[in-house]
Amino acid sequence: MIKYTSKVKVRSNESLALIYTPGVAKSCLEIKENPDRVFDLTNRSNSIGIMSYNYEDAYKRAEFFKKTKNVDCYPLEIKKTTKEDLDFVIQNIMPNFMGVDTSLIEGKEYNAPLDIPTRSKACIYEDKIEKLEPVMLRELFGGVVETTIDEEKEEIIKPTAIISDGSAVLGLGNIGAICAIPVMEGKAVLFEELGDVPAISLCLQTQNKDEIIKIVQLLENSFSSINLEDICAPKCFEIERELIKTTSIPIFHDDQHGTAIVVLAGLLNALEVVNKRNKDIKIVISGAGAAGLSICKLLLKTGFSNITLCNINGVVYTGNPLNDPELDEVSKSTNKDNLRGTLKDAIINADVFIGVSAPNIMTEEMVKTMAKDPIVFALANPTPEIMPDIAKNAGAKIVASGRSDFDNQINNCLAFPGIFKGVLESKCKVITDEIKVRCAVALAHTIEPEELDENYIIPEALDHRVAKNISACIIDYVRNFEEK
C-alpha cells in the first residue's frame, strides 16, 4: 500500500513553527525570489503524476516505481474526456511534478519505462530539527513529504487533495502556485501527523474560478475528499459551493471554515475566563476575505449579534458601493449601529477584536480604547495585526495569534485533521453549519474548566486529544442523524 507520509516528525511547537507557520513563509518567499528553488525546497524534484482513466491502474504503476526506483509517484484518475481536457489538466497540475506520465492512457503496461527525470535527494533525518532554519530544513530534506510503501497492507486508500491556486497564501497574498507548495506540503504533514489522514499537495497553475472547478471535477475520482486552501475571496466561495453541488466527495475550504471553528472555540473559552456573556459583547472583525466572512457567519449562527466587520475600505455597512455580493449579504446582519469610518472608530468599546487581515494594523492606542478586559485575536500570519506583547502591555486581558511560538495559537491546524478524520470515517458528504459548531464546542471542551486561564484558552496544536474529540463528535452526529 502507498502511504503519503512526512519526512519529518512534528513533535514540538518549535518543529511546528519550522514546518508550518511562521517558518514556512520563508521558503515561499525564497521560491518567489528564485522559482528554481522549488526543486530544492519541496519534493517536486522527486514527484511524478501517474495519469490514467482507472485509479487502480495508476496506483499499481505508482507503487511499482516507488518500489523499484524510489520515485514518489501519485496516482491520478481523470474522467474520460477530450484530448484538450487531458492536456489542460496536465498543464495546470505541473507545478507539483517533474512530469506527468500518460503511459497508461497510451495503452502501455504498468511497468513500462518511466522517461521523466527526477532528482531524488537523500534525506537527513535529524533528531533535533529545531536546530535548523526553516529554509535549511526543507533543503536538507528535499521538501517535507514523500510516499512510502507499507508491505503489510494491501488496501488502496485515496488521499485528501489540498487544492490551491496560490492566490491568497498565508499573509503573503497572491504569490502563485509554485510559491505555495511549501505551505501545502506543510498542511499534508499535519494531516498525517495530527489526524492520520493521507493527503497530497496539488497547486494549480490557473487562477480562473471555472477552470479550478473543472480540474477538480475531472480528477474527483483520484481523491477521498478535497481541502481547498489559500484561494482568494470571493471566488473561493463560488468554487466551494459549485464543487459541493457537482461532486460526490466532501469539499471543505479550510481558510473559511477551519479558521472559523477554531476562532469560535477560542472565543467560547476566552469569554469564560473574562466572565462575559455572549449577548452582551461587541465584536470587531478585521478582514472580510474568506476567513473573516466565515468567522462572522459562524458567530452569527451561534448567537453573537453585535458584530462589526471591517476591511481595507473601512467599516462594512449596508449600501456601500464597494461591497461585493458576499459583503452585501453579511452587511444586513452586522454593524447594527450603521457605523461609518475605520477600524480605529469601530474598535472603541469593543470587547473582542478578531484580526484575519494584515500585519501591524492594530496599535496600543486602539487596544486602550476597547472595553474592560479586552480579548485580542491577532491572527494574521506570519506577522499578526499586533504583536502579543504589545497588546498585553496595552491592557488586553487575553491575546491569541496564529503562530505556534506564542501562547494561545488560534490556527486551523487544530481543526482540519480531526474534521477530515471524522468526515471520512463517518462517510459524511457535506460539512454543515451544525457540524462546524459541534466541532468548535468539542475543541473548546478539550480543555477542562479548571484548566482555563488567560494563557490557555485553546489546546496546543500538537495535543492529540483534539483530532480525536473533533472526529468523534462528527461520527456521533452522523450516526444520530442517520438513526433519526
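This is a predicted model: local features need pLDDT of at least 70, side-chain atom pairs count only at pLDDT 80 or more; totals for chains, interfaces and linings use all residues.
**Stop 1**

Select residues 209-219, which form helix α8, and residues 235-246, which form helix α9. Two packed helices are described by the angle between their axes and the distance between the axes. Here the angle is about 30 degrees and the axes are 10 Å apart. Angles under 35 degrees count as roughly parallel, so α8 is roughly parallel to α9. The crossing of α8 past α9 is right-handed.

Now show the side chains at the contact. From α8, pick K209, I212, I213, V216 and Q217. They meet K235, E238, I239, E242, L243 and T246 of α9. Sorted by class, this contact has five nonpolar, two polar and four charged residues.

**Stop 2: the largest cavity**

Rolling a probe the size of a water molecule over the atoms shows where empty space is left. Across the whole structure, a search gives four cavities of 30 Å³ or more. The largest cavity has a volume of about 200 Å³. To find it, select Y74, V145, E185, I200 and S201, which are the closest to its centre among the 20 lining residues.

Next, colour the elements around this cavity. At least two lining residues come from each of β1 (2-6), β5 (145-149), α7 (177-195) and β7 (199-203). Which element gives the largest share of the lining of the largest cavity? It is α7, with five residues. The lining of the largest cavity divides into nine nonpolar, seven polar and four charged residues.

**Stop 3: the second largest cavity**

Select L194, C413, L414, P417, G418, A461, D463, H464, V466 and A467, which line the second largest cavity. Two or more of these lining residues are given by α16 (416-426), and likewise by α18 (465-483). The space inside is about 60 Å³. Seven residues of this lining are nonpolar, two are polar and one is charged.

**Stop 4: the second largest pocket**

Finally, select I157, K158, D196, P198 and L424. These lie nearest the centre of the second largest pocket, which is lined by 30 residues. About 800 Å³ of space lies in this pocket.

Elements supplying at least two residues each to the lining of the pocket are β1, α7 and α16. The largest share, four residues, comes from α16.

Notes: Residues are numbered from 1 along each chain as its sequence is written. Side-chain values use heavy atoms; hydrogens and water are left out. Axes are lines fitted to C-alpha atoms, for helices over the stretch in contact, and angles run from 0 to 180 degrees between N-to-C directions. Angles under 35 degrees count as roughly parallel, over 145 as roughly antiparallel, 65 to 115 as roughly perpendicular and the rest as oblique. A crossing is left-handed if the near helix is turned anticlockwise from the far one by less than a right angle, and right-handed if clockwise. Contact means heavy atoms within 4.5 Å. Ala, Val, Leu, Ile, Met, Phe, Trp, Tyr, Cys and Pro count as nonpolar, Asp, Glu, Lys and Arg as charged, and the others, Gly among them, as polar. On a 1 Å grid over the protein atoms alone, a cavity is a set of points where a 1.4 Å probe fits but cannot get out, and a pocket is an open set with protein on both sides within 12 Å along at least five of seven lines; lining residues have an atom within 4 Å of a point. Grid points are joined across faces, edges and corners, and a volume is the space filled by probe spheres set on the points.
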